[in-house]
Protein chains: 2
Amino acid sequence: MAVTMNDVARTAGVSLKTVSNVLNDYEFIRPATKQKVLDAIAALGYEANLTARSLRSGKTRMLGLVLSDLSAPYYAELASRLMKVASDRGYRVLVEQSAATRENELAALQGQFRQLTDGLLFTPLALGPDDVAVAQGDKPLVLLGEHIADPRFDLVTMKNTEAAHAITSHLLASGRRRVAVLGAVPEDTTGSSGLRMLGYRQALTAAGLDFDPDLAVMCDWRRDGGATAIRQLLDSGVQFDAVFGLNDTVALGAMHELLMRGVKVPDEVAVAGFDDIDEARFASPSLTTVAPGMDEIAERSVGLLIDRIEGNGATANGMQLEAGFELRIRDSAP
Amino acid sequence: MAVTMNDVARTAGVSLKTVSNVLNDYEFIRPATKQKVLDAIAALGYEANLTARSLRSGKTRMLGLVLSDLSAPYYAELASRLMKVASDRGYRVLVEQSAATRENELAALQGQFRQLTDGLLFTPLALGPDDVAVAQGDKPLVLLGEHIADPRFDLVTMKNTEAAHAITSHLLASGRRRVAVLGAVPEDTTGSSGLRMLGYRQALTAAGLDFDPDLAVMCDWRRDGGATAIRQLLDSGVQFDAVFGLNDTVALGAMHELLMRGVKVPDEVAVAGFDDIDEARFASPSLTTVAPGMDEIAERSVGLLIDRIEGNGATANGMQLEAGFELRIRDSAP
DNA sequence: TCTTGCAGTTACATCGTTGCAGAAATATCG
DNA sequence: CGATATTTCTGCAACGATGTAACTGCAAGA
């Protein structure tokens, strides 16, 4: 059996509550008493039982992180950073993979996962604002990376539209005129896909070009999605001189397929992505992309969530934070 | 305040304990009573308080996963799979990043992290067998991916040596004679690095070649480590016609640097890696590597750990499981 | 001298659940 | 039919911590 506070109290010759008071930095304790207790703790190797503490206090000091798939590089890198930031503030992160299904996202928002955590970092992919509002519960919730344009919620996001505009403009500025865009999601206007598509279209307009639906290809936001999309494009005979993958894995999958088919990158087709995952720098050719401020997102989202949990920064309304972005011009689209 | 078992008991008109019995599938309950309880649960939307249950039962139904860095693709992909397998068996996974330091690994093995979990999946990188033995504690522990050759511990690993031998032999079979190996760790004989190096050297020997220390380069097991290592090799003027990265990220970083320097892959230098992360398939050229049976490792390690936790498969001694491997011959080393 | 006030400590209840032991109701048997 | 099993259900204690309230000294003030 593990050492309990009772054991500590007994060996220190004080009451259970005094031990508790020492551990919780209660003000009025005689230094001598405090020392006795600390000695007993050291002697017995006592460690507080977190479960008991949680039951009593109602706090778990865990943050929930809901995302579709931890094996996706962007999410893996984000999760890693979030965990580090949380750790610095004395919290752990419990990850839940939703596979982007409605059912799983609702479960994460309502069910036992919620119980285990003091607050949630939530990437809504299948749910809309009203779903989230209904299932929100009473614990703090910070939305991540998606633009659910709703002042009810805290949101930490990136400049999807501006960044997509900027990188598309970069492609156009280098003389490209037929920029295919991969990873479009039909009907989506407020998700990452919709917002990035908007930036893409705005950049076309700004350059005096029309949007050609043939150049927008739906696909999974994964490497094989990008590869499949390029296969479709090439096989359909649509002409294009640049590719904008709505995230890096799509762009990398696309680039791979282009090179396999003997298309020269960037000479014949330039390729750009979005996210600046570590892999982008080391691809061959290295991938031009946009860094959406992941460090800032990690810092601010965890900071905001913990502030909410601890009752600081008690704004009634949702905060909307947008991280800055930077273009990373590399060899795939110089 | 959330609905408790007491509320359910009151509305169902039974005792607290009967509700508990229903929830725990106690045998002797009249169907009618059971139905009353279930109805009350549904009506009130009751959900068991996991913290209270944990305090009482001493079980958290969480598995701990200790690894160095979740943003490393191999670990991200492994963690994702482990979480899925655990989820199917009703467990969650709590991840702890150790940054491969002794201090953090010991903390994960002993401290509060251990308390939060019913058992640990542990990737020892800084700790040796005796450290682990000292810090083991009384909860189940399954070592992952490392060969700590110690019958005291459960271990799920891969055929590091055989697989490294096989892939080195593949390079040699294609006529390469000067195979640089990147990611060596001095002194290591039992870690992933040591075991893969052993396979490499055995393959050289089998082909009648001597081991040339100039061809073994130390580096971090990351993309930039591989790139740096190649820079060193090229700048030092050592001749080589193939590169074996001790993991895929090293190999990919190396390949990137080779291509940047104008070295043709695979014509001038063949490149092979280890792990078969998803990225390998989509690199350009696609990366020849070895798939170390990640699915099998995930299934068996979680299975073994949960069996230990639940007291099945009660072998006293440690189990040593080795997943099978497969070569994936791709364009970087055909 | 007797309050009054505060520092320092304590006992007890409580968080929501499950294990244990036993009570009540029903079934089985000679 | 009474005695003994067996089924069904209940009350109490416990898991290990913290909040509340109350108690004990001791110093200051009246």
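## A guided tour of the predicted model

Begin by selecting A:F28, which counts as exposed because its relative accessibility is 63%; exposed means over 50% relative accessible area, buried under 20%, and partly exposed in between, with a 1.4 Å probe and protein chains only.

Residues are numbered from 1 along each chain as its sequence is written, chains are lettered from A and ligands numbered from 1 in the order in which they are written, and side-chain values use heavy atoms, with hydrogens and water left out.

**Aromatic pairs**

The whole structure holds 6 aromatic pairs over all chains. Rings of Phe, Tyr and Trp (its six-membered ring) pair if their centres lie within 6.5 Å; planes under 30 degrees apart are stacked, over 60 edge-to-face, and the rest tilted. A:Y26 and A:F28 form an edge-to-face pair, 6.1 Å centre to centre with 85° between the planes. Next select B:Y74 and B:Y75, whose ring centres are 5.7 Å apart and whose planes stand at 65°, so this pair is edge-to-face. Both B:Y74 and B:Y75 are buried.

**The surface near DNA strand D**

Now display DNA strand D, which 26 residues surround; a residue is near a strand if one of its heavy atoms lies within 4 Å of it. The closest are A:M5, A:Y46, A:R56, B:T18 and B:T33. By class, this surface has 12 nonpolar, 8 polar and 6 charged residues. Colour α2 (16-23) and α4 (50-57) in chains A and B: each of these helices supplies at least two residues of the surface. The most, 4 residues, come from α4(A).

Of the atoms of DNA strand D within 4 Å of the protein, 61% belong to sugar or phosphate and the rest to bases. The side chain of A:N24 has an N or O atom 3.3 Å from a phosphate oxygen of DNA strand D. At B:R56, a polar side-chain atom lies 2.9 Å from a base nitrogen of DNA strand D.

**The two protein chains**

Finally, superpose chain B on chain A: a turn of 180° and a shift of 0.0 Å along the axis give an RMSD of 0.1 Å. This is the relation of a two-fold axis.

Technical notes: This is a predicted model: local features need pLDDT of at least 70, side-chain atom pairs count only at pLDDT 80 or more; totals for chains, interfaces and linings use all residues. A polar contact is a pair of N or O atoms within 3.5 Å; within protein, one must be able to donate a hydrogen and the other to accept it, and residues adjacent in sequence count only if both atoms are side-chain atoms. Ala, Val, Leu, Ile, Met, Phe, Trp, Tyr, Cys and Pro count as nonpolar, Asp, Glu, Lys and Arg as charged, and the others, Gly among them, as polar. Copies are superposed by least squares on the C-alpha atoms of residues with pLDDT of at least 70 in both.
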